[in-house]
Structure formats: structure tokens, C-alpha cells
Amino acid sequence: MVSPPPTLMVFDDFNNNSYDGGAGPSTGPRKRGRGRPKGSRNGTRKPKKPKAYDPNSKLIKSCPKFESGITKAERESGNLEIVASVLMRFDAIRRRLHQVNQPKDILTTASTNCMRMGVRTNMTRRIGPIPGVQVGDIFYYWGEMCLVGLHRDMAAGIDYLSAKRSGVDGHAATSVVTSGQYDDETEELDTLIYIGQDGKGKNRQPCDQVLKNGNLALEASVRKGNDVRVVRLEKHNNEKVFIYDGLYLVSDFEHVIGKSGFKEFRFKLVRKPDQPSGYAIWKSVEILRNHDLIDPRNGSILGDLSFGAEVLRVPLVNEVDEDDKTIPEDFDYIRSQCYSGMMFDLNVDIQSLGCHNCEGESCSHQNCSCMRKNGGELPYHNNILVSRKPLIYECGGSCPCPNDCPNRLVQTGLKLHLEVFKTANYGWGLRSWDPIRAGTFICEFAGVSKTKEEVEEDDDYLFDTSRVYHRFIWNYEPQLLREDASKQVSEVINLPTQVFISAKEKGNVGRFMNHSCWPNVFWQPIEYENNGATYVRIGLFAMKHIPPMTELTYDYGVSCVEKNGEDEILYKGKKICLCGSVKCRGSFG
């Protein structure tokens with residue numbers, strides 16, 4: 001997992017460690033200047049204008065005592081862990097800016113602050129693969145690609161090395177991004193017709209493209225035959241998604257009259273063979289989404305494993321052995337958790353339950369009691385989790401707010417096209433047809449809540465909060481937004497009692513999510529109230545952006561932890577781990 005950053009320093013007015021450029025107005029008393037004495041009423045006093053929001057209030061100029069945890073060498077050349085850390089921290093800042101309702105420049109603020117504070121990697125411009133970035137990775141923002149070095153140019157679709165920095169004779173293109181602003185031909189899986197850049201004159205009027213800058217670099221790459229990284233833009237649910245599709249060669253180009261009536265460059269790029277699938281997977285899943293009721297795959301076994309329980313059907317497929325039509329062992333599909341008499345706070349005063357001052361309106365105001373339980377802020381923004389917390393409170397049965405209240409998420413069921421599929425090495429698994437943004441709610445771990453005494457020793461479908469889980473940092477760092485470090489949100493789980501949920505006999509798609517020591521999903525406890533009693537559900541959320549058809553995994557934890565010397569900790573589980581990740585501990589459970 002991503003190593004946690006160093007301990008955050010507290011910045012306040014007492015230690016005089018304010019941010020360069022001002023840390024905001026002083027909270028102490030101000031001296032009265034010269035002018036009209038206090039209490040004078042001569043003339044009509046005009047009402048004060050509300051202070052205009054400063055879009056630069058979250059921008060950082062410098063913070064000398066901040067430690068990014070990324071070494072100088074790692075900033076120049078990264079790896080899987082560093083790339084994951086940079087993307088995770090950028091998105092955490094972005095989510096926080098949405099939560100505090102910064103009106104504009106959210107993406108600029110998030111990317112600028114990361115760059116200025118050294119939260120970036122692969123700064124060395126290079127031709128070919130980028131360390132830590134894999135074919136098929138997805139990005140939701142242009143700035144994310146710049147922070148990890150996939151495409152360094154912040155504005156243009158062609159990134160290149162100049163003659164002095166290319167290491168070869170003349171210019172050389174390093175990467176291109178299809179942005180949708182030109183007439184690129186993108187439908188073919190292994191070829192791309194890429195239109196050159198510029199072609200705009202004064203007042204943005206069309207004009208002939210000329211052979212300079214990025215166009216000159218792509219033309220040079222035809223002769224040199226160097227690798228060019230290709231990122232393809234697609235849309236999903238009206239959101240832009242950038243897909244890294246690997247290395248291409250620029251095979252040819254021509255200077256022709258375009259649709260605008262002016263000359264443009266048309267570059268043909270051909271994908272190099274023997275690379276993992278990227279764009280091809282996206283297009284194949286797009287067919288599944290567009291023809292949801294007809295599955296063209298030979299490995300299809302069941303159209304809907306939930307048998308209508310979910311709003312979106314859950315296909316069952318075995319593409320490992322298409323002749324094997326065996327279905328998972330018998331279990332009852334349930335949408336949400338059920339209880340065997342287990343609940344918390346049985347003697348709760350019913351009058352104190354629910355947000356009674358939210359009649360007919362969503363919970364977004366400061367008087368909402370559920371908001372106060374969550375620290376005065378909604379835990380979600382546009383159905384995206386903002387921060388991990390020891391415990392999140394969702395509106396429950398006693399709350400008069402509507403069903404579409406933004407504080408109701410885990411209880412609303414599946415929103416993604418998920419499917420259960422046969423893995424090559426460890427039984428059934430779970431994956432999504434949809435791309436998944438970091439912080440997205442995937443599913444609840446549904447099953448039967450049990451006490452520790454009720455848990456069976458051989459239960460392979462048990463969720464157990466008493467296990468030891470590998471620590472990681474997912475939330476934003478306040479210093480990266482000019483906030484006091486004391487505002488760091490705790491990620492240490494705090495439950496009134498341990499939670500045990502068995503999905504052996506009753507469960508949902510969550511029971512098929514496998515373990516990994518390098519997961520892309522994490523769990524978050526959610527408390528809610530129903531019929532005068534409070535319960536805890538387990539919500540499973542995306543740790544990072546997840547491409548379509550990528551297996552969804554979370555850390556099952558281990559039952560035993562041993563110290564080996566002063567610093568090294570050994571995690572020992574009851575079962576052998578087959579996740580094969582770079583961080584594999586060898587066991588789990």
C-alpha cells in the first residue's frame with residue numbers, strides 16, 4: 001500500500017510558521033485607525049458589501065516545513081507506489097475543495113498546489129513507457145496526467161522533446177491526447193488518425209496549420225520511428241475519461257484541406273503489438289453496456305445472479321472455461337444486511353433520533369443533527385466519499401428528509417454495472433463494466449450480522465473488523481490547502497463493538513470480492529438508525545480510479561501480527577495469499 005506521509009506540522013499564529021503569502025487575517029483585536037469616532041451617526045451608513053471570494057485563497061506559494069514524502073529521485077522517476085500516491089493525494093484535495101464549496105478553479109488549485117509542494121513524479125521528460133503508469137490506466141482530469149508525467153504539456157494535445165532535449169537529432173514527439181476538439185479518427189482499435197495542432201489565427205478564426213512545435217515533432221517521429229504514448233478521450237455518463245492506450249508509431253502524415261476549408265496535418269499512428277489491452281477493453285465493454293440484455297460472450301452463464309433483487313442486473317460469466325456452466329454454491333441473494341438480533345444502543349431515546357428539523361428538505365444545512373454527527377459537513381459530494389472516517393452517520397428511518405438526500409448513499413443499492421466472473425486462479429471474482437472514479441460507492445458487504453460466538457471457524461465469506469488491516473492514508477492533507485494540520489480527519493476506525501458479517505448463506509455481490517494486499521477498494525463503516533435501533537453497515541468504496549473490467553479487491557486483514565525486531569512487523573493470516581501483487585504479504589484472514 002501507499003506509505004503514509006510524514007507527521008504533519010501544525011501551522012498556527014503562535015509558532016509563526018505561516019504560509020508564504022499570508023495565512024489569513026489575524027484573530028486578535030485590531031487598533032482603531034484615525035477617522036470618525038466610535039458611535040458617530042453622522043450621515044447614513046451604507047451596508048457593508050459581502051467580502052468577495054478569493055479564488056486564490058487555497059493556492060500555496062510555498063510551505064518550507066511541509067514534507068511530501070517523495071524524494072528528489074522519485075520526483076524525477078517514479079514507480080507504481082509513487083504514482084498511486086500522487087493521484088490519490090490530488091483527488092483528495094479536489095474532493096475537499098468541492099466539500100467546502102470553492103466556487104471555481106478547483107482543478108487548477110489542486111494541481112498547482114501538488115506541483116508546488118512536490119507531490120508529483122516522473123518529471124524527467126522521456127520517450128517510451130512512464131514508470132508506474134500502466135496501459136489501460138484511466139484519468140478523469142488532464143492535470144492528473146501531468147502530475148505523473150504521462151503527458152507533461154498542460155494545454156496542448158501534443159507533448160514533445162525539443163532538439164536540445166530529445167537525445168536524438170531534432171524534435172521528437174513523446175505523447176498525444178485526443179481531446180475531441182479536432183476531427184481525429186479514433187474508432188479503429190490499433191490505428192489513430194491524429195489531426196495536428198493550432199490552425200487558429202486572430203480572433204480564433206480558422207487558418208492553415210504550419211509545421212512547427214508539436215506538428216514538427218510528430219513529423220520528425222515519422223522519420224525517427226520513436227515510440228509515442230497515446231491517450232484516448234472517451235465519455236461515460238457525460239464525464240470525460242482519458243484512457244492510456246500504450247505505445248504507437250507515427251507511420252505517415254499528409255497535409256490536406258480539412259473540413260474547415262484550410263490545410264491541416266493528418267498523422268497516422270499505429271499501435272505496437274504485444275501490449276496489454278486499453279482502449280480495446282473500453283470498446284468491448286461499451287458494447288455490453290449498450291446491449292445490456294443480450295450478452296454476446298460464449299462464457300455467459302446467468303443473466304442476473306440477483307434474480308431481480310438489484311435495479312441493475314448482475315451477470316455471471318466464465319470465460320476461463322466456457323464449457324463449465326457451474327454456478328456459485330447455493331446462497332440467498334439479499335440487497336442489504338440482515339440481523340440476528342445484533343444491534344447497538346438499544347436504549348436510545350427515540351425523540352433524539354433522526355434529523356427532525358429537515359422535514360421535506362435534504363440535509364445540507366448546519367442545523368441538521370445528522371450533519372453535526374458528521375462534524376458539520378456532508379460526508380459525500382455528488383455521491384462520492386470525501387474522506388474516510390472512524391464512523392459515518394447516514395440518515396435513517398426516523399429522518400424525515402427525502403430518499404434522495406445527499407446523506408443517504410450506502411442504503412440506496414447498486415449504481416454500477418457489476419458482474420461476477422471466474423478468475424484464473426482463485427474462484428469467482430467481481431468486476432465492473434463501468435469506469436469507477438476514486439471515492440465511488442461500489443456496494444455494501446451484505447450478509448447476516450453475528451456475534452463473535454456465532455461465527456463459524458470455516459466461514460470463507462466472513463467480514464471481520466477485529467482483524468488487523470494494513471494502514472494507508474487516503475484523506476487530504478490540510479497543509480496542501482493552506483489549512484491547519486490539526487484539521488486532519490482521522491482514518492482510525494472507531495466502532496462501539498466489533499462487527500462480524502457472514503455472507504455464507506445470505507449475501508450480495510460483495511461476497512465475491514476477493515482479497516488483495518494491494519487492493520483498489522477499501523471498507524468504511526456506516527451507522528444508521530431504523531425502528532429505534534442503530535446498526536452498522538459496511539460500505540465498499542473505490543480507493544482509486546478503476547478501469548472497466550478490472551477485478552475489484554479489498555484487504556481482508558489478518559488475524560495475527562508479530563514483531564520481528566524493533567521495526568519490522570509480520571502480518572500472518574490463516575490462508576495463503578495468491579494476489580500476486582507487488583505488496584503481497586503471503587497470507588490473509
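Let us begin with E444 and its surroundings. Setting aside residues up to four places away in sequence, E444 is in contact with R335, S336, Q337, V410, N508, G510, R537 and I538, where contact means heavy atoms within 4.5 Å. The model is predicted, so local features need pLDDT of at least 70 and side-chain atom pairs count only at pLDDT 80 or more, while totals for chains, interfaces and linings use all residues. Residues are numbered from 1 along each chain as its sequence is written, and side-chain values use heavy atoms, with hydrogens and water left out.

E444 belongs to strand β17, residues 441-444. Helices (H or I, at least four residues) and strands (E, at least two) are DSSP runs, numbered from the N terminus. Is E444 buried or exposed? E444 is buried, with a relative accessible area of 4%. Buried means under 20% relative accessible area, exposed over 50%, and partly exposed in between, using a 1.4 Å probe and protein chains only. The side chain of E444 also reaches the backbone nitrogen of Q337, at 3.1 Å. This is a polar contact, that is, a pair of N or O atoms within 3.5 Å; within protein, one must be able to donate a hydrogen and the other to accept it, and residues adjacent in sequence count only if both atoms are side-chain atoms.

I turn now to the chain as a whole. The chain holds seven helices and 29 strands. Of its 589 residues, 51% are buried. Among contacts between residues at least 6 apart in sequence, 70% join residues at least 24 apart.

Next, the interior. A nonpolar core is a set of buried Ala, Val, Leu, Ile, Met, Phe, Trp, Tyr and Cys residues joined through side-chain atoms within 4.5 Å. Which members of the largest core touch the most other members? They are V133, F139, M145, V148, L150 and F242, out of 42 residues. The elements giving two or more residues to this core are α2 (80-99), α3 (106-116), β1 (138-139), α4 (142-147), β5 (228-236), β6 (239-257) and α6 (279-290). Helix α2 gives the most, with eight residues. Another core, of 41 residues, lies apart from this one, and W523, I538, I546 and F588 are among its members.

Two residues illustrate the packing here. Not counting residues up to four places away in sequence, M145 touches F139, L150, H151, V177, V231 and F242. V231, in strand β5, is buried, with a relative accessible area of 0%. Leaving aside neighbours within four places in sequence, V231 is in contact with M145, L150, V176, V177, T178, F242, I243 and Y244. V231 and F139 are 92 residues apart along the chain, and their C-alpha atoms are separated by 9.6 Å.

Helix α2 has 20 residues and reaches 29 Å from its first C-alpha to its last, close to the 28 Å expected at 1.5 Å a residue; the expected span is 1.5 Å times one less than the number of residues. Because 18 of its 20 residues are buried, α2 is largely enclosed by the rest of the structure. N79 caps the N-terminal end of α2, with a side-chain oxygen 3.0 Å from the backbone nitrogen of E81. After α2 comes N101, whose phi is positive, near 60°.

In helix α6, the end C-alpha atoms of its 12 residues are 17 Å apart, which agrees with the 16 Å that they should span at 1.5 Å a residue. The buried residues of α6 are Y279, W282, K283, V285, L288 and R289, and what covers them includes β5 and β6.

Finally, the empty spaces. Rolling a probe the size of a water molecule over the atoms shows where empty space is left. On a 1 Å grid over the protein atoms alone, a cavity is a set of points where a 1.4 Å probe fits but cannot get out; a pocket is an open set with protein on both sides within 12 Å along at least five of seven lines; and lining residues have an atom within 4 Å of a point. Grid points are joined across faces, edges and corners, and a volume is the space filled by probe spheres set on the points.

The largest pocket holds about 1,100 Å³ of space. Of its 42 lining residues, the closest to its centre are Q134, D137, N520, K544 and T550. The largest share of this lining, seven residues, comes from α2.
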